[in-house]
Amino acid sequence: MSEERHHALGIHSLGSEPGGADLPSRDRIVRRMRWVTLAVLVLLALGAARTIIARVQNASELREGTTQRAVQYVQTAVPSTPEKGQTLSLPGTLQGYVQSPLSARASGYLKLWTKDIGSRVEKGDLLAEIETPEIDQQLSQAVAAREQAAAAMELARSTQSRWEALRQKDVVSQQDLDEKRGAAAQARANFAAAQANEQRLRQLEGFKRIVAPFAGVITRRNVDVGDLIDAGSGRPLFVLSQTDPLRVYLNVPQSYAQRIKPGQHVVVTQSELAGQNFKGVIARTAASIDLTTRTMQVEISLPNADKQLLPGAYVQVDLQLPPGDTLVLPANALMFRKEGALVAVVDEAGKVSLRKVTVGRNYGQTVEVPQGVTATDRVVLNPADSLANGDIVTVAAKTPAKDAAVPARGQEK
């Protein structure tokens, strides 16, 4: 393009017009472009270097984290013997120390009753009276029969005496004397039978009065005035219970039966009597295991002088069992696999070995382990399902409790 054309268009040619010294030259532009390109390359190099360094650091951290996560940290516990016994809580039912149904021995009609349910009676108190007209007449007849037998016996005795005197004079034969002697013996036997029958009926007459055989509380009355009383029916007229002391019967599971002994003290509570504890003592045990329930029956004697406890009430009995000498472990140390119950034991080198154990009584948070571990073994708590023989683990340090320090033995208040 010619200068005229440039001039016509108003475009100045480079380096041709006056004042061109103020415009950048081609060399200067090229130099500037080189510096800009170099700066961009340096920046890109720095960014690439930063990225590479960050990736190297991340890879190193990842390797370290992977190595740390590959280490299995476990907590352990040492088997120990329990310092205090377990409290065994079992349900029971209160019963009167003596609970007797009072039945009639004499038949007749109820004439009256003097004690109702809830009445407290003493030994010998009259409870009811029965009218027995048949027994009264039988007694009168028995008295008359006894008198007849007595008269016949007296006659036979005097006859025997006379015939013995005649025999001495040889007036009668020995046969006749023997017959008189036999008649006298028979008369004496008849008199004894009549007398015994009279005594029997007199004793039946005594059964017309129903009296309390011991001190207690009437818990049931089954008859009313005018009822026909049949001595052979077996229906009780009253039920009498002795309420001081009371009995409590428990069925102790077989696993605890060996640790229950007569004389041990127990605490009895009743939900309706909140906050009140009643102390009793084991009176006796069945000393055998029931084949059906696999339990042993235990009888507890419970004083009830203030009559607060009522026979038939449902109660809870707490038995303080003596501590055993079998090693115990936390329940969360057990693993259950196809081999049975196992525990993971860690040696000094951190190597794991799985041992089969025998599980005894379960105390809730702890269980007895009669076989499989010793008092010096370190047993893993909450073992992972993937834990196997030969695994290497690291025992984590125990964190001290922040809430309260556990008092040392002998320093408990």
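Predicted model: local features only at pLDDT ≥ 70, side-chain atom pairs only at ≥ 80, totals over all residues.
**Entry 1: strand β13**

I looked up the bridge partner of V267 and found D318 in β13. Residues are numbered from 1 along each chain as its sequence is written, and side-chain values use heavy atoms, with hydrogens and water left out.

I took helices (H or I, at least four residues) and strands (E, at least two) as DSSP runs, numbered from the N terminus. Two strands pair if DSSP finds at least two bridges between them. Strand β10 (residues 265-269) pairs with β13 in the antiparallel sense over four bridges. Strand β2 (residues 87-102) also pairs with β13 in the antiparallel sense, over seven bridges. There, L88 stands opposite L319 in β13.

I then noted the two faces of β13 (residues 314-320): V315, V317 and L319 are on the covered face, and Y314, Q316, D318 and Q320 are on the uncovered one.

**Entry 2: nonpolar cores**

I searched for nonpolar cores, meaning sets of buried Ala, Val, Leu, Ile, Met, Phe, Trp, Tyr and Cys residues joined through side-chain atoms within 4.5 Å. Buried means under 20% relative accessible area, exposed over 50%, and partly exposed in between (1.4 Å probe, protein chains only). The largest core has 25 residues, and V317 and L319 have the most contacts inside it. β2, β9 (238-253), α5 (254-257), β10, β11, β12 (295-302) and β13 each supply at least two residues of this core. Another core, of 16 residues, lies apart from it and includes L110, A128, V223 and F238.

I listed the contacts (heavy atoms within 4.5 Å) of V317, leaving out residues up to four places away in sequence; among them are L88, L90, V248, V267 and I300.

**Entry 3: the open sheet**

I traced an open sheet of four strands, in the order β6-β5-β3-β8, with antiparallel pairing. β6 (209-211) and β8 (228-229) stand at the edges with a single partner strand each, so one side of each has no neighbour in the sheet. Strands β3 (residues 108-113) and β5 (residues 126-131) run antiparallel and are joined by four bridges. W113 has A128 in β5 as its bridge partner.

The charged end of R221 sits over the ring of W113, 4.0 Å from its centre. The charged end of R247 sits over the ring of Y97, 3.8 Å from its centre.

**Entry 4: salt bridges**

I counted 11 salt bridges in the structure, each a side-chain nitrogen of Lys or Arg within 4 Å of a carboxyl oxygen of Asp or Glu. In the pair E164 and R181, the closest N and O atoms are 3.4 Å apart. This pair links distant parts of the chain, with E164 in helix α3 (residues 133-168) and R181 in helix α4 (residues 174-206), 17 residues apart.

R202 and E198 form a salt bridge with closest N and O atoms 3.0 Å apart. They are separated by about one helical turn because they lie four residues apart in helix α4. E198 is buried, at 5% relative accessible area, whereas R202 is partly exposed, at 41%.

For D377 and R355, I recorded 2.7 Å between the closest N and O atoms. D377 is buried, at 10% relative accessibility, and R355 is partly exposed, at 29%. Finally, I noted that D136, E205 and K208 are linked in a network of salt bridges.

How values were computed: Lys NZ or Arg CZ within 6 Å of the ring centre and 35° of its normal.
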